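Colleague: I have the sequence and the model open side by side. Could you take me through the fold?

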Amino acid sequence: IVLLAGNGVPLEDVMVAQARLLAQAAGADPVDLDRQEQAQRELFRLVAADTEVSALRGQMRELIEVQLGMSEPGRRLDEETMEQVVDQHLQGVLTPWFRFALTFDPREALRRVRVPVLALNGSLDLQVPHHQNLPEIEKALQEAGNPDVTIRTLTGLNHLLQRAEAGTVEEYAQ
């Protein structure tokens with residue numbers, strides 16, 4: 001098995017770290033980062049609990065407002081645009097795949113792997129941070145008693161395993 005920028009923790013934890021790192025790279029205030037994490041975790045809690053869409057709408061709106069405020073302080077979307085953005089984002093989180101992936105713990109599957117594994121993540125990966133995921137992948141494979149495991153952090157590479165300066169999404173096209 002070859003894992004390229006693979007996650008070793010549930011998607012919820014990866015997405016929270018990802019949002020924080022990407023906003024940090026854009027210069028967000030630490031207080032805003034904490035507000036974003038709280039809003040994001042509450043949204044994920046509601047999604048996992050199969051909460052009614054009306055409750056999800058309010059939480060999604062709060063998350064979008066926090067993120068918008070971080071990227072463009074003082075900017076507000078008109079009501080129609082905000083509703084479109086909320087609807088678009090809700091479509092993504094209400095899919096059966098997302099509901100499953102949100103709470104699936106890859107460590108459970110990794111603990112059953114008995115074949116050779118190579119796990120590679122970039123040191124500048126802001127989407128699946130190496131420091132959060134590679135140690136958990138390695139630990140789960142060790143718990144499986146897997147003797148043939150290679151874990152590497154590739155210095156200076158982003159999520160797409162491209163050379164990068166900061167690891168931001170904007171660098172992907174370059």
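Modeller: Let us begin with the contacts, where contact means heavy atoms within 4.5 Å. Residues 24 or more positions apart account for 72% of the contacts with a separation of 6 or more in the protein. This is a predicted model, in which local features need pLDDT of at least 70, side-chain atom pairs count only at pLDDT 80 or more, and totals for chains, interfaces and linings use all residues. Residues are numbered from 1 along each chain as its sequence is written, and side-chain values use heavy atoms, with hydrogens and water left out.

Colleague: How many helices and strands are there in the protein?

Modeller: The protein has 7 helices and 3 strands. Helices (H or I, at least four residues) and strands (E, at least two) are DSSP runs, numbered from the N terminus. Along the sequence the pattern reads β-α-α-α-α-α-α-β-α-β. The C-alpha trace spans about 55 × 40 × 25 Å along its principal axes.

Colleague: In which order do the strands form the sheet?

Modeller: The order is β1-β2-β3, in an open sheet with parallel pairing. Two strands pair if DSSP finds at least two bridges between them. The edge strands, each pairing on one side only, are β1 (2–4) and β3 (149–154). From one strand to the next, the twist averages 10 degrees.

Colleague: How many bridges join β2 to β3, and how many does β2 have with β1?

Modeller: Strand β2 (residues 117–122) is joined to β3 by 6 bridges, and β1 and β2 pair over 3 bridges. Gly122 stands opposite Leu154 in β3, while Leu4 stands opposite Leu120 in β2. As for burial, 5 of the 6 residues of β2 are buried. Buried means under 20% relative accessible area, exposed over 50%, and partly exposed in between (1.4 Å probe, protein chains only).

Colleague: Which helix lies across the strands?

Modeller: That is helix α7 (residues 130–143), which lies across β1, β2 and β3 and runs at about 175 degrees to β3. Axes are lines fitted to C-alpha atoms, for helices over the stretch in contact, and angles run from 0 to 180 degrees between N-to-C directions.

Colleague: At what angle do the axes of α1 and α7 cross?

Modeller: The axes of α1 and α7 cross at roughly 155 degrees and come within 10 Å. That makes α1 roughly antiparallel to α7; angles under 35 degrees count as roughly parallel, over 145 as roughly antiparallel, 65 to 115 as roughly perpendicular and the rest as oblique. The contact is made by Asp13, Val14, Ala17 and Leu21 of α1 together with His131, Gln132 and Asn133 of α7.

Colleague: What does Val47 touch?

Modeller: Not counting residues up to four places away in sequence, Val47 touches Leu56, Val93, Phe98, Arg99 and Leu102. For the protein as a whole, 41% of its 174 residues count as buried.

Colleague: Where is Asp50, and is it buried or exposed?

Modeller: Asp50 sits in the loop between α2 and α3 and is exposed, with a relative accessible area of 57%. The phi of Asp50 is near 60 degrees, a positive value in a residue other than glycine. Most residues other than glycine have a negative phi.

Colleague: What about the phi of Leu161?

Modeller: Leu161 also has a positive phi, of about 60 degrees, although it is not a glycine. Leu161 is found in the segment after β3 and is partly exposed, with a relative accessible area of 27%.
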